[in-house]
Amino acid sequence: MHEEILSLLASDKVRFIRITWCDNANIIRAKAVHRTSFTRGCVQHGVGISEAQQAVPVMFDAPSGGSGLGPVGEVRLVPDLSTAVLLPYAPGHARVMGGMMKDGRPWPFCPRDFLKRMISAASQMDLQIQAAFENEFYLLKPVPDAATDTTAGRMLSPVPADQTLFAATASMDLQRAVIDDIAVALAAQGIMVEQYYPESGPGQQEITIRHTAALSAADRQIAFRETVKAVAVQHGLGATFMPKPFENQAGSGCHLHLSLWQNGANLVPDGSGGLSTTARSFTAGILSHLPALMALTTPSVNSYRRIRPHCWSGAFRCWGFDNREAAIRVPTHPETPSPTHIELKTVDASSNPYIALGGVLAAGLDGILRGLQPPAPVSVDPGILPEEERAAISIDALPTRLGDSLEALRKDGVLLEALGPDLARAFLAVRQAEWDTMKDWTLGKEVALLHDRY
């Protein structure tokens, strides 16, 4: 198989192969190698990047203090040929996901290797994980900056591409061409679309893709973001996955759907309409660690503008069947006798998908190992309950600031051990630098920086 891939990448169809990674600030980056230089040596040893790349925050390309990383030191970004695809939106370019290696071994700071380690931990418990990220995003009209370049269309003040409502067919008609091209481009990369509909915000869209094995799910999240943004540009639009770009409009989540499998059988249902013992413990583990886990799944300052009661964003630590206000929703379906998976709503696309999914697995597996049991499912909006009633049934409000979730992560031994001391230190340094810099920013200032980054 590798020989076929190498032959394809060396063909006249390809000029550059992008070896891609995602850093701790969730910026997707790549180094592109010309096909004539993509030799077996490059396949084996990859390309060099500075160790400092894993210490760079979202604001600027310079390492964060306290990360343990700086200008000295080199790691190799080694391509995973099994992920190689031709990019339908960039003719002549291909993409492979890269893993960070040092001295011939996975580098402890590598987010993709962190997820691999958590998948291995699940495998040691005879569990396989299927997952999918469910993205919401805004399509934007470009607003030229007349003071600098009236032709570039750089979006300094993003404007929604339309003014439609949830599931409005008017939006489907207005944005049909770009959505169709996104779906075609995803399919060309082996990513099949399941559903699409306009979301609640003006110009906001939601596209769901089919679940797959956990590592591929995270890889697909990288490909999804890249594809949406690139295709939107080709239609004269922009796209942002920023959690909360507009004060009085819906935020954009990136809900994480998960199922547990063993010997080809889905372990989530109990056969009578509820969750199995294993799935209940997995759910309880996520809930137990959720305040700290949010530093990994909702890791931007802007994330916490989205996580509010009555906004379907999972602002309370609880779970429930078809409850869109609970942090964990268990979807039901009339065609199945029991739930098939769980959905974590307290996730957005400012998170590195390898770190977010790896952290969720670490939390859930801890729940299984300890035999945790979740509280009773919640069948009402927890936000309407008096605080004392919520406390009586073990429901509490989740952190409302990035600084609070970072402090919770620093105290969570399970997640810190799972990340490992190196990745944990670098990740905390990056996100702490973002919190220290941006904690008092206005939404407008956040948007000016982040709508292009995410």
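Leaving aside neighbours within four places in sequence, leucine 258 is in contact (heavy atoms within 4.5 Å) with Ile129, Gln130, Ala131, Phe282, His341, Ile342, Leu357, Val360 and Leu361. This is a predicted model, in which local features need pLDDT of at least 70 and side-chain atom pairs count only at pLDDT 80 or more, while totals for chains, interfaces and linings use all residues. Residues are numbered from 1 along each chain as its sequence is written, and side-chain values use heavy atoms, with hydrogens and water left out.

**Nonpolar cores**
- A nonpolar core is a set of buried Ala, Val, Leu, Ile, Met, Phe, Trp, Tyr and Cys residues joined through side-chain atoms within 4.5 Å; buried means under 20% relative accessible area, exposed over 50%, and partly exposed in between (1.4 Å probe, protein chains only).
- The largest such core has 108 residues, and Val58, Leu256, Leu258, Phe282 and Leu357 have the most contacts inside it.
- Another core, of 25 residues, lies apart from the largest one and includes Ile5, Leu77, Val96 and Met100.

**Helix 7 with helix 9**
- Helices (H or I, at least four residues) and strands (E, at least two) are DSSP runs, numbered from the N terminus.
- Helix 7 (residues 277–297) packs against helix 9 (residues 353–370) at an angle of about 140°, with the axes 6 Å apart; axes are lines fitted to C-alpha atoms, for helices over the stretch in contact, and angles run from 0 to 180 degrees between N-to-C directions.
- The two helices are therefore oblique to each other, given that angles under 35 degrees count as roughly parallel, over 145 as roughly antiparallel, 65 to 115 as roughly perpendicular and the rest as oblique.
- Among the residues making this contact are Phe282 of helix 7 and Val360 and Leu361 of helix 9.

**Helix 3 with helix 6**
- The axes of helix 3 (residues 111–124) and helix 6 (residues 214–234) come within 9 Å and cross at roughly 155°, which makes helix 3 roughly antiparallel to helix 6.
- Helix 3 contributes Arg112, Leu115, Lys116 and Ile119 to the contact, and helix 6 contributes Ala214, Leu215, Ala218 and Asp219.

- Serine 171 sits in helix 4 (residues 169–174) and is buried, with a relative accessible area of 0%.
- Beyond its neighbours within four places in sequence, serine 171 is in contact with Asp162, Thr164, Arg176, Tyr196, Pro198 and Gln205.
- Proline 334 lies in the loop between strand 16 (326–330) and strand 17 (342–344), and at 81% relative accessibility proline 334 counts as exposed.
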